[in-house]
Amino acid sequence: MELSDLVMTYAGQPVRTALEIGAGTGKATRLFADRGVAVTATEPDDAMLAELRRHVPAHVTAVRAAFEELRSGQRYGLVYAAAALHWTNPDGRWSRIAGLLEPGGVFASFAGPVGLAEPAVEEAVRAARAPFLEADDIPSPDGTPPDHEMQWPGTELQRSEWFSDVRQVVIERRWTMSAGDYVGLLSTISAYLELPAAVREQVYREILRVLPETVAIAADITVHLARGRSQS
């Protein structure tokens with residue numbers, strides 16, 4: 001099921017307005033804007049914001065702001081984050097999001113690592129990377145093990161007094177790309193960006209050396225959904 005369909009079905013009522021946290025270049029923004037939702041897309045980085053404005057419909061309101069700078073004067077039927085929630089300050093995160101929701105409004109978060117679908121290729125890349133980088137994944141912000149039934153941020157949402165009806169849904173995605181494009185994808189991951197430039201280029205070369213010409217990609221999206229709880 002398409003991501004936006006999943007969110008709209010969960011909402012159970014028409015979603016007319018939405019606030020996006022950390023919109024980046026607008027991939028998720030367009031999903032909801034194309035359904036007629038009036039999206040306010042926030043992004044703190046100037047370069048990203050410029051790209052965002054180039055790629056979204058005219059009826060999207062693009063705002064330069066970090067999540068922590070948003071005020072709760074305006075409320076929305078949907079507040080969502082696409083692979084951006086872990087950048088927000090955990091202190092007061094959930095009460096702030098709840099304060100941005102209309103009565104009956106919903107929160108959605110969706111993210112997932114892009115990895116290699118074939119175990120043998122993944123193992124070859126791991127061995128090539130090992131002298132330079134032990135792991136390239138992003139650990140769970142609250143320490144939830146990767147094999148736990150409920151993943152972050154669903155774990156925090158379940159504990160929060162501000163939300164109810166927490167659900168987790170995994171949307172399976174598979175495709176292929178060239179080895180060069182895959183290495184290009186790695187160059188956007190923080191674990192590689194934190195390496196010294198010379199080391200970074202060396203690990204890219206070593207990984208490229210062990211890859212087949214075309215690689216199968218697993219890019220499942222884990223979606224977390226929750227309803228704002230009416231506060232007395």
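## Overall fold

Of the contacts in the chain with a separation of 6 or more, 72% are accounted for by residues 24 or more positions apart. The model is predicted. The chain holds 9 helices and 10 strands. Its radius of gyration is 19 Å, close to the 17 Å that the globule rule gives for 232 residues, so the chain is as compact as a globular protein of that length.

The C-alpha trace spans about 60 × 40 × 35 Å along its principal axes. Among the 232 residues, 43% count as buried.

## Surface and charge

The chain has an accessible surface of about 12,400 Å², and carbon and sulfur atoms contribute 51% of that area. There are 22 positive and 31 negative side chains. The centres of these two sets lie 6 Å apart.

## The surroundings of H224

H224 is part of strand β10, which covers residues 221-228. Its relative accessibility is 2%, under the 20% limit, so H224 counts as buried. Leaving out residues up to four places away in sequence, H224 touches F107, A108, S109, M150, Q151, W152, P153, G154, L157, R167 and Q168.

Two of these neighbours also pair with H224 through polar atoms. The side chain of Q168 makes a polar contact with the side chain of H224 at 2.7 Å. From Q151 it is the backbone oxygen that takes part, lying 3.1 Å from a polar atom of the H224 side chain.

The bond between W152 and P153 is a cis peptide bond, with omega at about 5°. P153 sits in the loop between α5 (119-129) and α6 (154-159). Most peptide bonds are trans.

## Two residues with positive phi

Most residues other than glycine have a negative phi. A83 has a positive value, near 55°, and is not a glycine. A83 is found in the loop that runs between β4 (76-82) and α4 (93-99). With a relative accessible area of 47%, A83 is partly exposed.

D165 is another residue that is not a glycine and has a positive phi, here about 50°. D165 belongs to strand β7, residues 163-171, whereas A83 is in a loop. The relative accessibility of D165 is 31%, so this residue counts as partly exposed.

Notes. Residues numbered from 1 in each chain as written. Predicted model: local features only at pLDDT ≥ 70, side-chain atom pairs only at ≥ 80, totals over all residues. Heavy atoms only, no water. Helix = DSSP H or I, 4+ residues; strand = E, 2+ residues; numbered from the N terminus. Buried < 20%, exposed > 50% of the residue type's maximum accessible area, 1.4 Å probe, protein only. Polar contact = N/O pair within 3.5 Å; in protein donor to acceptor, adjacent residues only side chain to side chain. Contact = heavy atoms within 4.5 Å. Rg over C-alpha atoms; globule rule 2.2 N^0.38 Å. Areas by Shrake-Rupley, 256 points an atom, 1.4 Å probe, with all protein chains shown as cover. Lys, Arg positive; Asp, Glu negative; His and termini not counted. Charge placed at Lys NZ, Arg CZ, Asp CG, Glu CD.
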